[in-house]
Amino acid sequence: MSAGKGRRLLAGSCLAALAAFAQPAFAQNAATPQTGAAPQDSAATTDDQGITDIVVTARYVSENVQDTPIAITAQTSTQLQAANVTQLSTLGAVVPNLFTMPGDSQSAGTPVIGMRGVTQGSTSSLAVPPALAIYTDDIYHSTTAGSELDFTDIDHIEVNRGPQSTLSGNASIAGSIKLYTVDPKGDGSGYLQVVGGSYKKLGISGALDLGLTSNLSMRVSGNFERQDGYGNRLDFSCMMDKLGTPQYKGTLPYFQPDSRNRDCIIGHLGGGTKAVGQVKLLWKPTDKISWLVTARHREEDLEETPEVALFYQTACAAATTVNPSQGIFIATPAIGPAGCTPSTASAAAVHRAAYNTFGITSGSWFITPQRNGGIYDTYATNCRPLLNLQGGGFPAGYPTGYCYDQGKTAHHTLLSSKLNWELTDDINLTWIGGYTNYGNEFTQNGDQSPLGYVVTHFVNTDKQYSSEARLDGKLFDGKLQWVVGGFWLKMNGYQKTHVDFVNIFQNSIIHGINNSKSAFFHLDYNLTDRWRVSGGARYTDSEIIITIDNPQAVSVLVPVTSSTKRPDWLISTDYKITDDIMAYASAASGSRPPGLTTITGTPRQLQATSDEDLISYEAGIKADWFDRKLRTNLTAFYIDYRKLSTAATGIECRNQPGAVATWFSANQNSPEAITICSQFPGAPSPITFTQNVGIPAKVRGFEWDITANPVQGLRIDWTGGYNSYQSGVKTPNTPGYLWPGNYRQPQWNQHADISYEIESPIGSFTPRLDWTWQSLQTYDTTPQAHAPAAKLTIPAYSLFNAQIAYRAPDRGWTATLAVTNLANKWYHYQVMSGVINDQTRVGEPREWTLTIRKNF
């Protein structure tokens, strides 16, 4: 795919039509088989019966969320909209111990996810299996790439915390997130919605539910939205003239000759266009058979990920080696600004090239002036100007004088079919088949400067086929409920990457195939009317096959395979203390298949990473009080991480004979490395070798989920979680050790909201306030060696959102005025530190939206 490829026009899908239902609370433990469509939006926060329950399918059958012996958060579309949770990367705001954030520009479409200290990370590599299973309408998303799913037309979402290896497969060691969109009802209902807001935001969405025949219904939905970004791309030379510091631009020309006429703005960050369209057909030829077919397509044409520079060293433009074993270099002579800092030889080469061409190097002048109360702008252009490479230090063919589009595109198609068949009064068949096609294209200008020291361009294409069949039924007068089934998946994908990092460039194509098949069963047995025991197991056979075509570095054209065959298990018990209080306890294994290390120095380094293995113990109590006016769900957990995959950097001896590289613990440039490699024939030739090894660890924590409807119209929610991770490695500066003060994910997260519906003769008005809080998070690049540097620490912070909603007396019209980031706080998600600069992924400033909706 070329850099100048035209953007795709996006078209769309909508917020789900909401059908409230009230289900009797706390039915007995026997679950109801899922024989029809997913339950409709069950949000009802102010009725006289108290808190309305949600039906979930976390354990293959439909059951009340309060009767499910799992730590599970279920949120309807109404609740998610009110909390301003619009996509997966914002879901962590309302789920205890779930840490989510949008991915950086090197992992567009791949959010960072952590659950109870079990982290998925932000990599979009085909060779790394997910740690958390993500589903849309029961179709599994097998790669992390493209997992930034939006919540268009959803009915509800289920977040199952803790390993779901028996229920969702061995790539769900952290848990699972399941999205369910609204199913057809055939009742002629629908809605039309229009949204406007900050930064020229405009959106239109709608849905229509039709009964085509007496047994065939269809739901069509769509959403389209666009918005300008809140950050600006600035023309560096134009800004230097505007600020009265032209000496810092040297002879670098304006990026656009007329940018002065646009206040030096040459583009935006954080906005763009999105669209989703979906059609669902539900056929019920008899009262025992239902067949649901779904076609969904999403297009995105977005501006760049909002990243800004925090720090630059004033760099010298030449360097002479002083001590190669320690990687120390000093400028001789010091070409560059007064007081410039010596750099590594690789960085010095590009500083010298920039100085030879334009008479400038990097420094604090590349940090943009603050606007709107914080830093939201960048001088990055996704371009590298034509450079004078005289003086050497660059590989042959090193590219200069090029540009990539300012933006990122993506498409995602999902086709699925789901059959439910009641074979007998006690046996049901469910079959689910799916096809997904995902692709994206994006660029990272990693140094955030107009000189393009670090530019990477990515193109991902993935196709996936999956099928699942299961039988469920009852025995012994309904005391035993059983489920047995099988799952099959094949994913075929390509990752094409152009990497220009300081004085290195590579063009690589990684081809990956993921084959997985498994068989599973789950049993629930009611010992009494109040006491139930449950258990299940899954056996999984999976493999990942990788080839690498990278002529500038390392090519491995003979497929390399990483495979695993393993069982996982679950046991649990729950007891109804009263009709409104249930206590439960469980133990379950969790697993993550091994991946492959694709960043290699030699072909022999393409090896399997460590698999992951843990046992999780959990106990909880789910209770309703005061005629369901108060709900308190409390959970405590302990995770015994028997094997956690951890990067370990050492060396390989290139002079070692054989087809398999041996990993040695040493620094490539140290005398020790020479000594180690001297044991093999030929001249010692150490090279850096990063391998993934399994280490032990423990995670302890607790969670709470509290809802109160003390009086008619008033609702209060408070959720939160705490997790404490402890590595089993106790020796500092060794792989897996975590120096005190470093964290895998924030230890605490909390969310609270309060709303009150006020009835009046002209309709109801509902003001609402939301508060989200996250504790300190660290991003030190060597957390095994020292406490985190202050610049790589994000202190704890709070965010507030507010809204007021109006609903007409006939409930047909609604209008909602919402403000996010009420205090207009400047905050950021992560800090990335490199050899050129430090930068961060920034969050949104204060924004407002007005949403008008007509239900019919």
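## A tour of the disulfides

Select C403 to begin: at 44% relative accessibility this residue counts as partly exposed, a class that lies between buried (under 20% relative accessible area) and exposed (over 50%), computed with a 1.4 Å probe on protein chains only. What you have open is a predicted model, in which local features need pLDDT of at least 70 and side-chain atom pairs count only at pLDDT 80 or more, while totals for chains, interfaces and linings use all residues. Residues are numbered from 1 along each chain as its sequence is written, and side-chain values use heavy atoms, with hydrogens and water left out.

C383 counts as buried, at 5% relative accessibility. The torsion about this S-S bond is about 115°, so the disulfide of C383 and C403 is right-handed.

A search of the whole structure finds three disulfides, and the next stop is C238 with C264, where the S to S distance is 2.0 Å. C238 sits in helix 3 (residues 236–242), whereas C264 is in the loop between helix 3 and strand 15 (265–269), 26 residues apart; helices (H or I, at least four residues) and strands (E, at least two) are DSSP runs numbered from the N terminus. Both of these cysteines, C238 and C264, are buried.

Finally, select C653 and C677, whose sulfur atoms lie 2.1 Å apart in a disulfide. With -85° about the S-S bond, the link of C653 and C677 is left-handed, and both C653 and C677 are buried.

How values were computed:
A disulfide is a pair of cysteine sulfur atoms within 2.5 Å.
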